[in-house]
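Please look through the structure shown below with its sequence at hand.

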Amino acid sequence: VDWGGLRREWFQLVCAALFDPKNQLFKGFSDNQQALVHPNAKRPPTLKLKHYEFAGRVVGKCLYESALGGGYRQLVRARFTRSFLAQLIGLRVHYKYFEQDDPDLYLSKVKYILDHDVEDMELFFVEEDYDHLGQLTKLVELIPGGAATRVHNTSKHQYLDALAQYRLATSLKEEIECFLRGLNDLIPDNLLSIFDENELELLLCGTGEYSVADFRTNHILNGSSPEFRRVLDWFWTAVSNFTVEEMARLLQFTTGSSQLPPGGFKELSPRFQLTPAPTFGNLPTAHTCFNQLCLPDYESYEQFEKALLLAISEGTEGFGMI
């Protein structure tokens with residue numbers, strides 16, 4: 001008697017083949033083991049657009065089977081970029097997705113532009129495309145007349161949003177449309193649109209397995225004051241009482257994905273960091289490019305727990321006062 005084991009194994013093997021960066025249909029923006037995967041516009045010529053449509057159908061079938069509940073549930077073992085998930089539910093991408101999806105670019109270019117005066121940078125609304133050998137292949141205008149349009153301090157957010165729209169969406173328009181065609185054959189887009197990116201990832205990929213002991217052994221502390229030590233005690237108390245879904249939300253909030261790399265917390269790169277925030281009573285914040293969770297001080301454990309749960313449940317970026 002087969003209780004679904006063969007079916008689950010088939011889905012597992014197919015998803016592994018489709019979404020493993022080594023097979024080049026999907027890829028990460030870096031070679032880091034933790035890198036989230038995204039459709040690959042520079043894939044080998046043997047990989048066609050029809051493969052994305054097939055991948056979309058597989059994901060749709062997994063979602064359909066999961067809706068039946070019980071032993072029918074099929075999970076997609078992949079760590080998708082937030083910008084890809086956003087486009088599956090009809091959202092427009094913006095530059096903030098770079099922090100989670102392409103942290104190298106975010107730190108080297110996006111954050112530098114955000115933090116500095118661009119008036120002397122000779123920056124225009126264009127993007128250079130290079131091949132795998134590092135040779136310039138084309139110059140893409142991010143807006144009409146972009147090659148003649150200077151980026152100023154007043155327009156740098158517009159430039160970064162246009163850059164994100166090109167790199168994360170427009171340059172992959174055909175691949176994403178084919179994936180959606182396959183996905184929507186089984187799951188209508190109006191059903192997908194009721195979720196946000198985090199909810200969709202949990203629905204698709206599940207929560208994984210987490211060990212608090214592994215977490216406590218493999219993290220970095222960036223503070224040692226008595227006040228922070230007290231907050232850390234509260235943090236480990238709260239985490240020890242987390243449900244599996246709350247742990248997944250904490251990982252999403254801090255690292256950009258609910259899934260740990262193979263090997264668990266010790267394989268996160270950089271390691272999960274716990275850092276004191278120079279505020280009191282605010283919601284916790286996170287920097288996903290550093291896997292860093294910033295914890296303010298609070299008057300009581302109850303206030304801390306409430307703020308942490310609110311941040312990881314509702315937040316996708318920095319917060320202000322409660």
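Where is the place of Asn291? Asn291 lies in the loop between β7 (285–287) and β8 (292–297), helices (H or I, at least four residues) and strands (E, at least two) being DSSP runs numbered from the N terminus. This is a predicted model, in which local features need pLDDT of at least 70 and side-chain atom pairs count only at pLDDT 80 or more, while totals for chains, interfaces and linings use all residues. Residues are numbered from 1 along each chain as its sequence is written, and side-chain values use heavy atoms, with hydrogens and water left out.

Asn291 is not a glycine, yet its phi is positive, at about 55°. Asn291 is buried, with a relative accessible area of 1%; buried means under 20% relative accessible area, exposed over 50%, and partly exposed in between (1.4 Å probe, protein chains only). Gln24 also has a positive phi, near 75°, and is a residue other than glycine. Gln24 is found in the loop between α1 (5–19) and β1 (26–28) and is partly exposed, with a relative accessible area of 37%.

The aromatic rings come next. The whole structure holds 18 aromatic pairs, where rings of Phe, Tyr and Trp (its six-membered ring) pair if their centres lie within 6.5 Å; planes under 30 degrees apart count as stacked, over 60 as edge-to-face and the rest as tilted. Phe215 and Phe265 form a stacked pair, 4.4 Å centre to centre with 5° between the planes. This pair links distant parts of the chain, since Phe215 belongs to helix α10 (residues 212–217) and Phe265 to the loop between α12 (244–255) and β6 (273–280), 50 residues apart. Phe215 also pairs edge-to-face with Phe272, at 4.7 Å centre to centre and 70° between the planes. Phe272 lies in the loop between α12 and β6, so its pair with Phe215 of helix α10 ties together parts that are 57 residues apart in sequence. Pro270 is found in the loop between α12 and β6, and a cis peptide bond with omega of about 0° joins Ser269 to Pro270.

Finally, consider two helices. The axes of α5 (residues 103–115) and α6 (residues 156–168) come within 9 Å and cross at roughly 155°; axes are lines fitted to C-alpha atoms, for helices over the stretch in contact, with angles from 0 to 180 degrees between N-to-C directions. The two helices are therefore roughly antiparallel to each other, a term for angles over 145 degrees, whereas those under 35 count as roughly parallel, 65 to 115 as roughly perpendicular and the rest as oblique.
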